[in-house]
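Biologist: I am new to this structure and would be grateful for a close look at one strand and its pairing partners. Please continue from there to the charged pairs, the surface and one loop.

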Amino acid sequence: MVKSAGVGRGGLDPGTVAAVSWVAAVCLSAGVAVAMQVTSTGPQTIQKAQGEKVTLECLYSRGPTDIGELDIEWSLISPDMTQKDTLILSFAAGRKWIHGGPAVMSGLDFRAGDPSQGDASIVISAAEVSHTGTYQCKVKSAPGVDMRKVTLLVLVRPSVPKCWAEGGQSVGGALSLHCKSSQGSAPLQYVWVKESAAGIHPSITQDSITGELHISNHSEALSGMYRCEASNAVGKEHCRYTLRAEKPPSRAGVIAGTVIGVLLLLLILVLLIFLLICRYGKRCKDKEVANDIREDSPPPVSRPHSRISSFRPGVAYTSVQSPQPWGESEFSSDLTDASKLKAPSSIGTGAPGNTYDSRYGHPV
């Protein structure tokens with residue numbers, strides 16, 4: 001009866017109000033819905049991988065009293081309760097109306113060609129991360145109204161992870177296997193398994209968040225093919241790594257190698273010292289030969305013109321006695337003739353009265 005009074009306030013005549021009230025009473029007695037109702041019962045939260053098709057269901061039924069014009073609205077609920085919700089798609093007066101921006105409306109539309117037939121569901125042909133959010137379906141037909149909210153999470157599948165090892169693979173040593181995906185929505189989980197065994201050896205520890213598998217004491221029993229699987233809520237990928245068990249070199253071999261290395265080093269040092277000694281000895285021998293050649297060579301012969309250049313002009317000179325004669329040269333005859341002449345009383349800057357003495361070759 002409250003609904004009838006509401007309809008009356010909407011402008012319906014009393015006869016119509018009475019008829020609606022009678023139909024409502026009959027429906028209530030028969031257990032039939034008397035108002036607008038959204039009948040979809042699917043999950044309230046949907047997780048989908050990027051690129052997948054997504055359907056947000058909103059099936060509804062109208063009550064016999066819902067005689068007003070049908071109005072369907074899809075809104076994107078704001079995470080901030082103080083902000084308005086965003087209307088993205090609607091159906092009113094028999095027409096579809098688009099209100100959302102391109103990022104949200106990309107590939108989004110009503111599933112049914114005519115949403116007035118009880119199916120107001122929407123479909124996203126290829127979900128993107130930008131489609132993540134909480135959506136509300138609201139169906140009105142006066143006086144009835146009902147709504148439903150669905151949260152959509154669009155996640156990125158993990159990419160094919162990369163497997164590698166850090167540390168040597170010698171028996172008795174410590175090492176770790178690593179697994180990492182470059183792409184994928186959090187949270188990502190990593191799990192290592194040995195393909196030839198039922199599980200991981202109890203001595204091995206692994207971290208499902210970082211993807212590290214740690215081996216503290218490697219042995220031949222731990223060698224083999226290992227498989228790492230990276231997964232999240234919408235997908236999983238894996239990689240493989242072959243772990244070897246290398247025996248360390250024997251102690252005797254290490255000692256022998258060390259001794260041989262030391263001997264080779266000593267041999268190289270001796271050879272270098274020998275080459276330096278030979279090179280230095282050759283230099284000393286070359287210097288001795290050069291000195292012997294200088295001692296055996298005769299002194300240079302003086303040239304006559306060097307003596308002539310020392311005579312003063314205007315002064316007569318005579319030759320000085322020497323163990324070897326000068327020979328029959330014109331120069332020697334001139335000197336002989338000059339010795340017969342008497343030197344002047346003064347020559348050059350000498351004192352007055354000095355006479356030339358042929359024994360000394362200068363005035364005295």
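Modeller: Two strands are said to pair if DSSP finds at least two bridges between them. The model is a predicted one, and strand β5, residues 70–77, is the place to begin. Seven of the eight residues of β5 are buried, so this strand is largely enclosed by the rest of the structure. Buried here stands for a relative accessible area under 20%.

Strand β5 has a pairing with β6, residues 86–92, which is antiparallel and runs over six bridges. Within that pairing, L76 has T86 of β6 as its bridge partner. Strand β5 also pairs with β10, residues 133–141, again in the antiparallel sense, over eight bridges. In β10, K140 is the residue that stands opposite D71. As a general point, side chains in a regular strand alternate between the two faces of the sheet.

From the strands we may turn to the charged side chains. Side chains of opposite charge can pair when their charged atoms come close. With a limit of 4 Å between a side-chain nitrogen of Lys or Arg and a carboxyl oxygen of Asp or Glu, the count of salt bridges comes to nine. One of them joins the side chains of R240 and E195, with 2.5 Å from N to O. This pair links distant parts of the chain, for R240 belongs to strand β18 (residues 235–243), whereas E195 is in the loop between β14 (189–194) and β15 (205–207), 45 residues apart. R240 has a relative accessibility of 47% and so counts as partly exposed; E195, at 39%, counts as partly exposed too.

Another salt bridge is formed by the side chains of K247 and E220, at 3.9 Å from N to O. K247 is found in the loop between β18 and α4 (251–296), and E220 in the loop between β16 (212–215) and β17 (224–232), so this pair ties together parts that are 27 residues apart in sequence. K247 is exposed, because its relative accessibility is 65%, while E220, at 48%, is partly exposed.

R244 and E246 also meet through their side chains in a salt bridge, at 3.3 Å from N to O. R244 has a relative accessible area of 45% and is therefore partly exposed; E246 counts as partly exposed at 35%. Elsewhere, a network of salt bridges links E57, R111 and D119.

The surface also carries a nonpolar patch, with about 1,100 Å² of accessible area together; among its residues are I255, V259, L269, F274 and L275. L269 is part of helix α4, and its relative accessible area of 43% makes this residue partly exposed.

The last stop is S185, in the loop between β13 (175–180) and β14. Its relative accessibility is 15%, so S185 counts as buried. The side chain of S185 reaches the backbone nitrogen of V156 at 2.6 Å. Leaving aside residues up to four places away in sequence, S185 touches L155, V156 and N232.

Technical notes
Residues numbered from 1 in each chain as written. Predicted model: local features only at pLDDT ≥ 70, side-chain atom pairs only at ≥ 80, totals over all residues. Heavy atoms only, no water. Buried < 20%, exposed > 50% of the residue type's maximum accessible area, 1.4 Å probe, protein only. Helix = DSSP H or I, 4+ residues; strand = E, 2+ residues; numbered from the N terminus. Patch = residues over 30% accessible without salt bridge, like charges linked within 9 Å, V, L, I, M, F, W, Y side chains within 5 Å. Areas by Shrake-Rupley, 256 points an atom, 1.4 Å probe, with all protein chains shown as cover. Polar contact = N/O pair within 3.5 Å; in protein donor to acceptor, adjacent residues only side chain to side chain. Contact = heavy atoms within 4.5 Å.
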